[in-house]
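Here are my notes on the model you sent over. Have it open while you read.

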Amino acid sequence: MYGYDSYMAIGDSFTEGLNDELPDGSMRGWADRLAEVLAAGRPEFRYANLALRGKMLAEIMDEQVPVALAMKPDLVTLCAGGNDIIVPGADVDAVAARFEAGVAQLRAAGIPVVIFNGPDTKQLSVMHVLRGKVGIYNAHLWAIADRHGAKMVDLWAMAPLHDRRAWSDDRLHFTPEAHRRIALRAAEVLGIPVDSDWREPWPASDEPSTWITSRRSDLEWTKLHLLPWIRRQLRGESMGDGLSPKHSELTPLLPVELRQDANAS
């Protein structure tokens with residue numbers, strides 16, 4: 001209906017769908033939600049999602065991009081490099097150059113590509129220190145999209161993502177409501193009509209926010225998320241070690257209820 005009979009999502013935890021968890025423990029995420037829009041009423045539509053949590057850019061380019069090139073879907077979404085640029089001392093320019101090489105390969109094969117820039121971390125305690133690196137990386141991504149004719153989903157400019165309710169407790173992954181809005185924004189970029197508006201304001205909140213509660217939150221976050229992440233980096237480990245992609249082949253997309261039943265069995 002929209003010119004896409006098959007869609008492949010590649011990337012890391014953002015595209016895998018953390019932390020948009022279904023009742024059975026599996027992850028849905030914005031990519032599955034976008035695929036559901038594309039597949040509506042079309043049993044012939046096929047979808048694959050190769051994204052895995054913890055994947056670094058080189059792994060995505062070496063492991064996932066070749067699969068996309070071999071399968072040649074009608075659409076590829078690509079978000080990668082975030083895990084690389086948050087590493088202290090990372091060369092953002094070099095990361096962007098590696099990212100561009102992957103986009104160039106996909107576009108040279110005639111595959112339409114949608115990329116995502118990084119969200120603004122200004123409102124996130126502690127994580128706001130990454131704002132400058134994310135901004136530099138985003139500038140590269142806009143230039144890459146322009147040079148290669150890729151479409152851009154501008155997460156930085158999505159005002160609803162500036163609300164703390166868009167972010168999970170780990171301050172790295174989005175909540176289910178944020179994933180829903182990102183899927184709507186991606187559909188808009190593709191010119192696909194949807195029945196909801198991602199710009200809709202969040203409900204009014206009476207949750208108190210004080211310096212003391214923020215500092216307590218920082219300490220808890222450091223213990224539960226930051227220190228384990230540092231330990232994994234030092235050991236060369238990844239959150240995705242031992243895991244497999246949730247949709248490794250281009251296959252018809254089951255309704256979300258049936259996917260849960262399949263995962264449970």
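1. The protein chain has nine helices and six strands, taken as DSSP runs numbered from the N terminus (H or I, at least four residues, for helices; E, at least two, for strands). Keep in mind that this is a predicted model: local features need pLDDT of at least 70, side-chain atom pairs count only at pLDDT 80 or more, and totals for chains, interfaces and linings use all residues. Numbering starts from 1 along each chain as its sequence is written, and side-chain values use heavy atoms, with hydrogens and water left out.

2. Of the chain's 265 residues, 48% are buried (under 20% relative accessible area; exposed is over 50%, partly exposed in between; 1.4 Å probe, protein chains only). The accessible surface is about 12,800 Å², 55% of it from carbon and sulfur atoms (Shrake-Rupley, 1.4 Å probe).

3. The largest nonpolar core holds 35 residues, and Tyr7, Trp30, Phe116 and Ile182 touch the most other members. Such a core is a set of buried Ala, Val, Leu, Ile, Met, Phe, Trp, Tyr and Cys residues joined through side-chain atoms within 4.5 Å. Two or more residues each come from β1 (6-11), α2 (29-39), β3 (75-79), β4 (113-116) and α7 (176-189); α7 gives the most, with seven.

4. Leaving aside residues up to four places away in sequence, Trp30 touches Tyr7, Phe14, Thr15, Thr77, Phe116, His179, Ile182 and Ala183 (contact: heavy atoms within 4.5 Å). Another core lies apart from the largest one, with 32 residues including Ala48, Ala68, Phe99 and Ile144.

5. Pro201 sits in the loop between α7 and α8 (211-235), and counts as exposed because its relative accessibility is 66%.
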